[in-house]
Amino acid sequence: MTKAQNNVLAIGNAIVDVLARVDNDFLDEHGMPKGGMTLIDGGRAEALYAAMGETVECSGGSAANTAAGVAALGGKVQFIGRVRNDTLGNVFARDIRGLGVHYDTAPATEGPSTARCLILVTPDAQRTMNTYLGASIDLTPDDIEAAAVAKAEITYLEGYLWDQPMAKDGMRKAIRLAHDAGRKVAMSLSDSFCVDRHRAEFRHLVEHHVDILFANEAEITALYETQDFDGALQHVRGHVDVAALTRSEKGSVIISGEELHIIDAVRGVNVVDTTGAGDLYAAGFLYGFTHGFDLHAAGRLGSLCAAEVISHIGPRPQKPLKPFVAEAQKA
């Protein structure tokens, strides 16, 4: 097996994030399940956007956020995701490349416009997402190049992609190509509502095709249909090589076979917006994992990256992440 040229290949929905602060009444008024991600059509997207008031806009998407985090740490990373050849598509491509992520997926020349995610942040820092998938649903198996997968140590898949049949086929292709090349496959469960939609298929993936799993407490308990986190942990222990399970203020748990590492949450963080917390945790962990860190240090780096991103509005870090690399290894 040849040495990997990239640390991570991230595959996911290419989305422009639109964030706004709202109160709980806004969610009730518009019929939104708090803390979840709801797929919406173009008309609903326009109506909600008009009602949101002042917004912050930036390129986003779960796997793209992770790719940006890996690049910010100094890792080599590529992203695959489809946009339209429109203004937002150009903004997305320019932004993610500017962050140091290799991105060359050809834009769609017809069909829906570039995807956007309307993110409502309530005073408790929870984020409720309404996503218009737009051009991102045009991602197909043809976009998954064997050479890109083979030269990445880890192919990282976003669970949200499973909502689209063609993208689902693309994920299956990426998994096959990665394992054929002797590489590892990592996957994020994305959110508990996504797990509810695809539980049986996700459990099959976790049991048979995923090497490294990322999930929060709500997602892992939803996967195994239990309210008991410890019970879910024992289930997943035998299914993947490594599971990185985040628990908000309780920190995270890393399990690998008989190994179990409890990572404390970073103290003294003023939580402003949890958007991107799981994405940046995955970025830190994947960087550490691909740079020879032990599992505890990789988890610690994930926690430090997540702590930075929840201290402000938006899913991308505003402070340099590279100093965390040394800090994580000291802990």
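Two residues are said to be in contact when heavy atoms lie within 4.5 Å of each other. By that criterion, among contacts in the chain between residues at least 6 apart in sequence, 73% join residues at least 24 apart. The structure is a predicted model, in which local features need pLDDT of at least 70 and side-chain atom pairs count only at pLDDT 80 or more, while totals for chains, interfaces and linings use all residues. Residues are numbered from 1 along each chain as its sequence is written, and side-chain values use heavy atoms, with hydrogens and water left out.

The overall picture comes next. The chain has 13 helices and 14 strands, taken as DSSP runs numbered from the N terminus (helices: H or I, at least four residues; strands: E, at least two). Its radius of gyration, taken over C-alpha atoms, is 18 Å, close to the 20 Å of the globule rule for 331 residues, so the chain is as compact as a globular protein of that length; the rule is 2.2 Å times the number of residues to the power 0.38. Along the principal axes, the C-alpha atoms fill a box of roughly 50 × 40 × 40 Å. Buried residues account for 57% of the 331, where buried means under 20% relative accessible area, exposed over 50%, and partly exposed in between (1.4 Å probe, protein chains only).

In soluble globular proteins, nonpolar side chains tend to be buried together. Here the largest nonpolar core has 50 residues, and Ile11, Phe202, Ile220 and Val236 have the most contacts inside it. Such a core is a set of buried Ala, Val, Leu, Ile, Met, Phe, Trp, Tyr and Cys residues joined through side-chain atoms within 4.5 Å. Helix H6 (residues 165-180) supplies the largest share of this core, six residues. A second, separate core of 48 residues includes Ile154, Ala186, Leu321 and Val325. Setting aside neighbours within four places in sequence, Phe202 is in contact with Gly159, Trp162, Met187, Leu189, Cys194, Val195 and Leu223.

Burial also reaches into loops and a helix. Val83, in the loop between strand E5 (77-80) and helix H4 (87-98), is buried at a relative accessible area of 3%. Beyond residues up to four places away in sequence, Val83 touches Ala14, Gly89, Phe92, Tyr103, Pro107, Ala108, Thr114 and Ala135. Ser136 sits in the loop between strand E8 (127-132) and helix H5 (146-150) and is buried too, at 2%; with neighbours within four places left aside, its contacts are Asn13, Ala14, Arg82 and Ala115. Helix H3 (residues 62-72) is mostly covered, with ten of its eleven residues buried, and just after H3, Gly74 takes a positive phi of about 105 degrees.

Most residues other than glycine have a negative phi. Ser190, although not a glycine, has a positive phi of about 75 degrees and counts as buried at 9% relative accessibility. Ser248 likewise has a positive phi, of about 55 degrees, but counts as exposed at 62%; this serine is found in the loop between strand E12 (242-246) and strand E13 (252-256).

Finally, helix packing. The axes of helix H11 (residues 277-290) and helix H12 (residues 295-309) come within 7 Å and cross at roughly 145 degrees. These axes are lines fitted to C-alpha atoms over the stretch in contact, with angles running from 0 to 180 degrees between N-to-C directions.
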